Each structure stands twice: as structure tokens, then as C-alpha cells.
Amino acid sequence: MVKKLLVLLAVMGPGANLSYAGTYEVDKVHSSINFSVMHLMVSKVTGAFNDYDARINFDPNNLAGSSIAATVKAASIDTRSADRDKHLKSADFFDAEKFPEITFKVSAITGSGGQYLLTGDLSIHGVTKNVAIPVTILGPVKSPYGFDALGITGQFKLNRKDYGIAWNKALDSGGVMVGDDVEVAISIEAHSPAAK
């Protein structure tokens, strides 16, 4: 048995990658894209985007060859209020009919040991900014069901005015109705295409 293992390692070579590197598809049942923003200067309104996808190619031993490209449908915004969601989809905010997609295309992945920085172009409302988002990437691991699984989680903050989303109303007591800073939390589980 030991002899067979030594032969296998010799054939694979000393630089062989024994991790589960490859392409992954988002498992929406175990994923979420959430956000929160200040409302009336006293509380936070939370919401989510329900329609999104990503092309993930990740190899922890070859970050230069790894890539991530994500797309979110702006019209899938969900704050548990039909009237508010309708306003958020309008030209006052996302203008979802004119700008139907929010995209993030990663140009560089740096880091190690599960902690990484995703640098790339984030496009919202027709405006593109280069951003750096810190994330934790766990895995890949082999699941009991035969597919490889990868997890990506992270939190970051952006200013909606940087993307031309500036609608607001002044309050009689001072301040504004909607905060400028939006806190975003992503939690993505992705599986190899073999998953069914």
C-alpha cells in the first residue's frame, strides 16, 4: 500500500495541487445578499436582493488564475414593503428599468489562510467604481453528497451618492430621511457543477 502511494505521488509530482480547485455555481438556498441603511436618523432599514448569480473560479494555490464575476438584478430588491420596494426600483433610487443589473467583476484576489481581498469594478446605477472588499473564503471541501463546496462571506460599506443615488428628504428636526452609507453583507455558498 505504501509503495503504491509513493508511486502515485511520484507521478503527480511535488507541485501537485491536492485541493478541490475549479469552477463553482451559487447555491441560493444557502446564500444571501443583505444590506442596511439608516432611516429617519434613528433606526436601520434592512433588505436583500433575491435574484443574483456569480461565475466563481477559485484555486487557493493559484490566485492569479482565479476569477469571480457577480451579477445582481436590481429589481429583485426586497425590504418587506411593496410600496418601498417600488420606490427603490424607481428613478429616485436604482432606476431598475434603465439599469437592471448591479455587477462586480474581480480583477485581483490577494491574501491567504482564508482571508482575502477582492479588488475589482463594482457597477451600480450606471456608475463603476474600483473597490476592494475583504472576504473570508473557506474551502473548497468535499461534501458528503459528492460535490465540492466553497464559502465566501464578507461585509463592506459604500456611499450610495458615489453611484448617483442621491434622493433624500430633509427632516424638520434636522438630518435626512435616508442615510448615505449602505452596509452590505454577503454570504455565498457555491458548489461544483457536479452538484444536483
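## Close-up views of a predicted chain

View 1. Apart from neighbours within four places in sequence, Lys105 is in contact (heavy atoms within 4.5 Å) with Ile68, Ala69, Gly120 and Asp121. The model is predicted: local features need pLDDT of at least 70 and side-chain atom pairs count only at pLDDT 80 or more, whereas totals for chains, interfaces and linings use all residues. Residues are numbered from 1 along each chain as its sequence is written, and side-chain values use heavy atoms, with hydrogens and water left out. Lys105 belongs to strand β7; helices (H or I, at least four residues) and strands (E, at least two) are DSSP runs numbered from the N terminus. Its relative accessible area is 59%, so Lys105 is exposed; buried means under 20%, exposed over 50% and partly exposed in between, with a 1.4 Å probe and protein chains only.

**View 2. The whole chain.** Two helices and 11 strands make up the secondary structure of the chain. Read from the N terminus, the order of elements is α-β-β-β-β-β-β-α-β-β-β-β-β. The chain has 196 residues, of which 36% count as buried. Among contacts in the chain with a separation of 6 or more, 55% come from residues 24 or more positions apart. The accessible surface is about 11,500 Å², computed by the Shrake-Rupley method with a 1.4 Å probe, and for residues only the protein chains shown count as cover. Carbon and sulfur atoms hold 57% of that surface.

**View 3. Strand β3 and its two partners.** Strands count as paired if DSSP finds at least two bridges between them. Strand β2 (residues 32–39) pairs with strand β3 (residues 43–49) in the antiparallel sense, over six bridges. Within this pair, Phe35 stands opposite Gly47. β3 also pairs in the antiparallel sense with strand β6 (residues 77–78), here over two bridges. Ala48 stands opposite Asp78 in β6.

**View 4. Leu40 in the β2–β3 hairpin.** Three residues lie between the strands of the hairpin of β2 and β3. Leu40 is found in this loop. Leu40 is not a glycine, yet its phi is positive, at about 60 degrees. With a relative accessible area of 36%, Leu40 is partly exposed.

View 5. A nonpolar core is a set of buried Ala, Val, Leu, Ile, Met, Phe, Trp, Tyr and Cys residues joined through side-chain atoms within 4.5 Å. The largest one has 42 residues, and Phe49, Ile56, Phe58, Phe94, Leu122, Ile124 and Leu158 have the most contacts inside it. Strand β11 (residues 178–191) gives the most to this core, with five residues. In soluble globular proteins, nonpolar side chains tend to be buried together. Neighbours within four places aside, Phe49 is in contact with Ile33, Phe35, Val72, Lys73, Ala74, Ser76, Ile77, Phe94 and Ile102.

View 6. Asp95 is buried and has no salt bridge, defined as a side-chain nitrogen of Lys or Arg within 4 Å of a carboxyl oxygen of Asp or Glu. The nearest side chain of opposite charge to Asp95 is that of Lys98, 5.1 Å away; Lys and Arg count as positive and Asp and Glu as negative, while His and the chain ends are not counted. Lys98 is exposed, with a relative accessible area of 60%. Neighbours within four places aside, Asp95 is in contact with Leu88, Lys89, Ser90 and His125. His125 is in the loop between β8 (115–124) and β9 and has a positive phi of about 60 degrees although it is not a glycine. His125 counts as buried because its relative accessibility is 16%. The C-alpha atoms of Lys98 and His125 are 8.3 Å apart, with the two residues 27 apart along the chain.

View 7. Gly139 and Pro140 are joined by a cis peptide bond, with omega about 5 degrees. Pro140 is in strand β9 (residues 127–142).
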